[in-house]
Amino acid sequence: MALSGYLGLFIYFAIMAATGIALVAVSHLLQIAVKSDKYDWTRPYECGVRTEGLPSDRYPIHYYLVGIMFVIFDVETVFLIPWAVVGHDFRQHDGQLFWFVEMLVFLIILVVGYLFLLQQRVFNWGHEDKENK
């Protein structure tokens with residue numbers, strides 16, 4: 001097969017690269033300049049709630065850990081959908097026990113991981129420690 005068979009792919013990648021370059025160029029040409037350096041940073045922003053503390057304040061690490069754990073467990077639960085869909089095929093070919101045990105092992109690993117995270121106190125935001133002291 002000659003390179004002419006890949007002409008559509010080359011055109012597609014060229015259009016993607018040109019679009020990326022064009023968007024970067026347009027964003028640099030149309031960048032918004034700050035009109036004054038005297039902006040009142042204490043004004044409510046979007047939700048109407050006044051900001052508390054400095055803008056450079058950091059979020060606690062537990063905020064990010066809980067977010068990562070949510071994404072991990074959410075992605076793992078998505079694996080339940082294809083498992084349920086192919087269950088009909090396994091029942092037709094007498095593989096129902098294998099189908100069930102396979103997902104049972106997956107769910108046991110998931111629960112053991114969750115219990116490990118509970119033991120490591122990843123979901124503890126520090127409220128319990130203050131009450132015990």
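The secondary structure of the chain amounts to five helices and zero strands, where helices (H or I, at least four residues) and strands (E, at least two) are DSSP runs, numbered from the N terminus. This is a predicted model, in which local features need pLDDT of at least 70 and side-chain atom pairs count only at pLDDT 80 or more, while totals for chains, interfaces and linings use all residues. Residues are numbered from 1 along each chain as its sequence is written, and side-chain values use heavy atoms, with hydrogens and water left out.

From the N terminus on, the order of elements is α-α-α-α-α. Of the 133 residues of the chain, 8% count as buried; buried means under 20% relative accessible area, exposed over 50%, and partly exposed in between (1.4 Å probe, protein chains only).

Helix α3 covers residues 80-92. The expected span of a helix is 1.5 Å times one less than its number of residues, so the 13 residues of α3 should span 18 Å, and the 19 Å between its end C-alpha atoms agrees. At Val86, α3 bends by about 35°, the bend being the angle between axes fitted to the seven residues ending there and the seven starting there. Asp94, which follows α3, has a positive phi near 55°.

Five aromatic pairs are counted, taking rings of Phe, Tyr and Trp (its six-membered ring) with centres within 6.5 Å; planes under 30 degrees apart are stacked, over 60 edge-to-face, and the rest tilted. The rings of Phe90 and Phe98 have centres 6.0 Å apart and planes at 45°, so this pair is tilted. Phe90 is partly exposed at 25% relative accessible area, whereas Phe98 is exposed at 52%.

Val101 lies in helix α4 (residues 96-119) and, at 39% relative accessibility, is partly exposed.
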